[in-house]
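Please consult the sequence and the structure shown here alongside the text.

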Amino acid sequence: MRKISAQLIEDAVREMCVRANCVLPEDVRECITAGMEKEQWPAAKTALKHIIENFEIAQREQMPICQDTGVTCVFVEMGQDVLVEGDLSEAINEGVRQGSKEGFLRASIVADPLRRKNTGDNAPAMIYYDIIPGDKLKITVAPKGFGSENMSKVIMLKPSDGVEGVKSFVLKTVEEAGPNPCPPIIVGVGIGGTFDKAALLAKKALMRPANDINPDPFYSELEDELLRSINELGIGPQGFGGKTTALAVKVGVMPTHIAGLPVAVNINCHVTRHVTREIKH
């Protein structure tokens with residue numbers, strides 16, 4: 001049994017909240033830079049140039065990349081042989097509170113979805129737990145802006161809709177979103193499970209490196225085809241037109257019921273923020 005103090009987790013989450021909001025992951029930076037080099041439409045090229053300047057200034061000055069510092073999504077992979085000494089969820093939320101204060105992150109969370117009183121400290125986080133074998137504890141902090149989150153959708157397709165139904169739904173969702181999610185976007189697609197599991201699959205898909213390759217050739221081909229089709233829509237960076245509407249499409253799948261085909265699309269803007277740490281003694 002491996003023991004980890006809640007204080008260690010709190011400190012790690014605090015640091016990750018600040019870093020995630022100020023430093024764009026290298027894989028996303030590379031995709032944006034590659035998009036600018038390939039773009040021929042002047043307005044699109046200029047938009048990408050400004051995006052690059054923005055994330056370079058943010059990292060250099062340790063300032064948030066975007067004014068919407070998002071809802072803090074925290075993915076926890078916890079080994080079944082790990083014992084947290086203290087309250088794990090409270091440690092994560094306290095880390096979010098402190099990180100938000102330290103990083104001067106906008107308070108964006110309301111305590112109740114209808115009465116709308118702001119919590120003032122970006123807590124609580126949206127926490128997702130996975131229990132895995134072993135004695136490792138890995139945490140990913142992913143601030144999720146709502147300009148893109150609001151453009152996301154879930155649908156319950158019929159099995160007979162098949163892959164063509166999935167592709168049609170993904171393209172329609174992106175096309176209807178247009179410039180609202182601040183393209184170029186990264187598109188997470190969840191297929192299978194249940195209504196709620198499909199949405200979680202789509203959000204987890206956004207955590208994959210933007211430039212990786214799906215190990216399943218069938219889904220690797222589907223990702224490539226969807227990316228090409230999305231970029232042919234002509235929405236372009238910030239909606240100014242061009243070939244770089246999306247940087248990547250990532251698909252996550254799991255088993256489902258014989259009578260269903262749940263599909264979710266979770267869109268992320270070009271500020272696809274996430275930081276992962278293994279928590280050690």
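Arginine 116 is exposed, its relative accessible area being 52%; here exposed means over 50%, buried under 20%, and partly exposed in between, with a 1.4 Å probe and protein chains only. This residue is not a glycine, yet its phi is positive at about 65°. Arginine 116 belongs to the loop between α4 and β4. Helices (H or I, at least four residues) and strands (E, at least two) are DSSP runs numbered from the N terminus.

Cysteine 182, also not a glycine, has a positive phi of about 60°. The loop between α6 and β7 holds cysteine 182, which counts as partly exposed at 35% relative accessibility.

## Basis of the model

The model is predicted, and local features need pLDDT of at least 70, side-chain atom pairs count only at pLDDT 80 or more, while totals for chains, interfaces and linings use all residues. Residues are numbered from 1 along each chain as its sequence is written, and side-chain values use heavy atoms, with hydrogens and water left out.

## Cis peptide bonds

The bond linking alanine 123 to proline 124 is cis, with omega near 5°. Proline 124 sits in the loop between α4 (88-102) and β4 (126-132).

A cis peptide bond also runs from proline 183 to proline 184, with omega near 15°. The location of proline 184 is the loop between α6 (162-177) and β7 (185-193).

## Nonpolar surface patch

Val154, Met156 and Phe195 make a nonpolar surface patch of about 290 Å². Patch residues have over 30% relative accessible area and no salt bridge, with nonpolar side chains (Val, Leu, Ile, Met, Phe, Trp, Tyr) joined within 5 Å and like charges within 9 Å. A salt bridge is a side-chain nitrogen of Lys or Arg within 4 Å of a carboxyl oxygen of Asp or Glu. Areas follow the Shrake-Rupley method with a 1.4 Å probe; for residues, only the protein chains shown count as cover.

Phenylalanine 195 lies in helix α7 (residues 195-205) and is exposed, with a relative accessible area of 52%.

One cavity of 30 Å³ or more is counted, where a cavity is a set of points on a 1 Å grid over the protein atoms alone at which a 1.4 Å probe fits but cannot get out. The largest cavity has a volume of about 50 Å³.

Its lining residues (an atom within 4 Å of a point) include Cys73, Lys203 and Arg273. Strand β5 (residues 137-144) gives the largest share of this lining, three residues. The lining comprises five nonpolar, one polar and three charged residues.

Technical notes
1 Å grid on protein atoms, 1.4 Å probe; cavity = no way out; pocket = protein on both sides within 12 Å on 5 of 7 lines; lining within 4 Å. Points joined across faces, edges and corners; volume = space filled by probe spheres on them. Nonpolar A, V, L, I, M, F, W, Y, C, P; charged D, E, K, R; others polar.
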